[in-house]
Amino acid sequence: MASVTDKSLLSAELQEEEEKEEEEFQHLLLQATQKIQSAMPPPAQYKPIRPLPGFCLKTHTDSGEKVFVNVCRSPHIPPPPDLTNEEMACLIESENASDFQIPMSLGEPHVEVDKSGNGCTAYDVTISTSFFNKMESNQFLKEFFVTVALEGLSEKYKMYISHPEWRILRNRKFMGSIAEQTIRTKSKPMIQEMDASQIKETTGNLLQPSVSQSSATVPDFTLVAEPSSSHPDRLVANICLPKMNSVRSLELDLGEDRIVLQGHPRLYHLDIFIPYSIVPEESKAQFHKGTKILTVWMPTQRPLLLP
């Protein structure tokens, strides 16, 4: 007797196999996407500035090459903390010297000709206008700034500059011409979705940042400093967004001391001023679809110079 095959059972099995294969494919695709997103640096925002001349100093490299540094000023560069000479001296001698930062923009080297007709290298260093004005009447502050600037140039361009031999030129405010510079303003981290296996508990010192209000709902959030003692290495923000279903409707902006989150269409708005300077371009954000929590990891700034 010939056997009879039930084609409906076969089609059901085939459909189950196709669905299983599709599920495995989507899982692998999600894993690959997450790995790619975590490896990609978030896009930073920049703006051009036109520095104004300040003063020019002359020094040499260890090989005897003549070097000029054009110290410029701009209102678009933030000033460092306003400390007295005594406070700064105590800070320099302490273990927390790296906490004092002088924001500055280091320009690319450009070849110039000195008054003797010989070739030389010039660099443009731009600082805050208000800090420049304060430094002009404070020799201690000026000497400290010059030391920091020369160390920054030495590190960035892999050369050794003789710090004690520098001198400020009396009759020249800059060598050559001052070029336009581009400075970082803020960065938008790419928000990636995560599953339950990627959630980790965060422990540390709970901070209380200030929040700006708007007509949209201000979501519940926590901000934790890790480690909680001394200067933290990073800040972790956990933001509850129960009405959000996808990262496509979220817009996150990070400044050096600010977090701005928008949940469209006008569902959420969070504007946080935080008590530490962070590194926006090294920060990461993940949104968990199950818990509806956005987690933002933000390394804190320790270097003396802005990139």
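Here are some numbered notes on the predicted model shown above.

1. Ground rules. Residues are numbered from 1 along each chain as its sequence is written. Because this is a predicted model, local features need pLDDT of at least 70, side-chain atom pairs count only at pLDDT 80 or more, totals for chains, interfaces and linings use all residues, and side-chain values use heavy atoms, with hydrogens and water left out.

2. Confidence. The protein chain has an average pLDDT (the predictor's confidence in each residue, from 0 to 100) of 75, and 69% of the residues reach at least 70. Residues 33–44 fall below 50, and in the model this stretch has 22 contacts beyond near neighbours in sequence; a contact means heavy atoms within 4.5 Å. Residues 193–203 are also below 50, with 25 contacts of that kind. Where pLDDT is low, the predicted coordinates should not be read in detail.

3. The chain as a whole. There are four helices and 18 strands in the protein chain; these are DSSP runs, helices being H or I with at least four residues and strands E with at least two, numbered from the N terminus. Of the 307 residues, 40% are buried, where buried means under 20% relative accessible area, exposed over 50%, and partly exposed in between (1.4 Å probe, protein chains only). Take the contacts between residues at least 6 apart in sequence: 65% of them join residues at least 24 apart.

4. Helices 3 and 4. The axes of helix 3 (residues 129–136) and helix 4 (residues 139–156) come within 7 Å and cross at roughly 125°. That makes the pair oblique: angles under 35 degrees count as roughly parallel, over 145 as roughly antiparallel, 65 to 115 as roughly perpendicular, and the rest as oblique. The axes are lines fitted to C-alpha atoms, for helices over the stretch in contact, with angles from 0 to 180 degrees between N-to-C directions. Helix 3 brings Phe131, Lys134, Met135 and Glu136 to the contact, while helix 4 brings Leu141, Lys142 and Phe145. By class, the contact residues are four nonpolar, no polar and three charged.

5. Thr126. This residue sits in strand 6 (residues 119–128) and is buried, at a relative accessible area of 0%. Leaving out residues up to four places away in sequence, Thr126 touches Ile49, Pro51, Cys72, Arg73, Ser74, Ile77, Pro103, Met104, Ser105 and Gln181.

6. Pro53 and Phe174. Pro53 belongs to strand 2 (residues 52–60) and is partly exposed at 27%. Beyond four places in sequence, Pro53 contacts Val71, Arg73, Lys173, Phe174 and Ile178. Phe174, in the loop between strand 7 and strand 8 (181–187), is partly exposed at 30% relative accessibility. Its contacts, with neighbours within four places again set aside, are Pro53, Cys56 and Asn70.

7. Two lysines to check. Lys158 is not a glycine, yet has a positive phi of about 50°. Lys158 lies in the loop between helix 4 and strand 7 (167–168) and is exposed at 72%. Lys292, not a glycine either, has a positive phi of about 60° and is found in the loop between strand 17 (284–288) and strand 18 (293–299).

Key:
Ala, Val, Leu, Ile, Met, Phe, Trp, Tyr, Cys and Pro count as nonpolar, Asp, Glu, Lys and Arg as charged, and the others, Gly among them, as polar.
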